[in-house]
Amino acid sequence: MLKTVFAKFARTMGPELLLSAEAARAVVGGRRSRVGIDVVQVSRIAESAARFGDRFAERLCTAQERADIAAEPAQAHERLAERFAAKEAALKAFDLCESGIDWRDIEVQSRPGGWGLALHGRAAALSGDSATDVSLLLSHGDGHVLAVVAAAAARPQS
Amino acid sequence: MNPPDSLTIDKLIRTVLRDHGRLQKDPLTIADRDDLFQAGMTSHSSVNVMLALEGALDVEFPDHMLKRSVFASVNAIREALSQLPGTRGLQ
């Protein structure tokens with residue numbers, strides 16, 4: 001199933017995604033795995049930012065995320081789209097869509113060599129042992145951002 | 001922005017859905033219980049709907065309401081709004 005999903009997106013988003021799929025497989029290994037995927041159109045995020053102003057980012061992003069976005073003003077909408085897609089992918093991966101989670105409890109962190117995802121508050125509490133070894137993969141193509149969140153549970157698959 | 005007095009909650013919800021929901025059905029006539037996500041609303045457009053409602057009514061959806069089901073139908077949105085301080089007097 002996962003292979004089919006990745007193959008579908010790879011047709012439109014290029015070989016970078018195939019590498020991401022392999023990375024995701026490496027992360028989940030033989031343990032119980034959780035994967036969430038989300039795709040957003042950067043221009044739609046730009047529309048939301050224009051319509052709702054700072055409130056859009058303030059509602060979705062932590063102060064650090066907003067600072068990271070502001071550090072690249074020419075790419076602000078793309079950076080915001082990355083955060084949004086990552087948070088939605090995380091909600092799906094950890095089955096939190098019906099849990100009433102503040103988006104700011106899911107924080108995208110820019111780390112050397114890639115991205116990280118930190119869970120806070122209820123997001124951290126409810127994701128339990130699924131929140132170990134979390135990997136965030138972001139891919140860009142044709143005005144879209146694709147986010148994949150993959151996590152392996154602390155316990156081996158029984 | 002405050003809605004005109006004559007604007008009911010139902011009309012406000014449907015107007016916001018028209019402007020922000022990106023539905024494939026007419027939001028002004030969609031049934032109260034129809035699934036808005038099945039009608040084309042995405043997680044992103046549901047956030048837009050939430051922010052537009054908050055702006056129109058000067059309210060804020062609390063964390064426990066930030067879930068997919070709260071924005072899944074006109075009925076669900078109306079029910080959620082009815083629980084927010086500041087909207088209880090509106091029809």
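Predicted model: local features only at pLDDT ≥ 70, side-chain atom pairs only at ≥ 80, totals over all residues.
Let's start in chain A. Strand E2 (residues 106–111) of chain A pairs with strand E3 (residues 114–119) of chain A in the antiparallel sense, and six bridges join them. Within this pairing, A:Gln109 faces A:Gly116 of E3(A). Two residues sit between the strands of this hairpin, and A:Gly113 adopts a positive phi near 85° there.

The largest nonpolar core holds 65 residues, and the members that touch the most others are B:Leu17, B:Leu53, B:Phe61, B:Ile77 and B:Leu81. Helix H6 (residues 76–93) of chain A supplies the largest share of this core, with nine residues. In soluble globular proteins, nonpolar side chains tend to be buried together.

Which residues does B:Leu81 contact, leaving aside neighbours within four places in sequence? They are B:Ile9, B:Ile13, B:Leu53, B:Leu57, B:Phe61 and B:Thr87.

Finally, have a look at B:Glu60, which is placed in the loop of chain B between helix H2 (43–57) and helix H3 (74–82). B:Glu60 counts as exposed because its relative accessibility is 52%, and the cut-off for exposed is over 50%. From B:Glu60 to B:Ile9 there are 51 residues in sequence and 15 Å in space, C-alpha to C-alpha.

| Residue | Contacts (heavy atoms within 4.5 Å) |
|---|---|
| B:Glu60 | A:Arg59, B:Glu54, B:Leu84 |
| B:Leu81 | B:Ile9, B:Ile13, B:Leu53, B:Leu57, B:Phe61, B:Thr87 |

How values were computed
Residues numbered from 1 in each chain as written. Chains lettered and ligands numbered in written order. Heavy atoms only, no water. Helix = DSSP H or I, 4+ residues; strand = E, 2+ residues; numbered from the N terminus. Buried < 20%, exposed > 50% of the residue type's maximum accessible area, 1.4 Å probe, protein only. Pairing = 2+ DSSP bridges. Core = buried A, V, L, I, M, F, W, Y, C linked by side-chain atoms within 4.5 Å.
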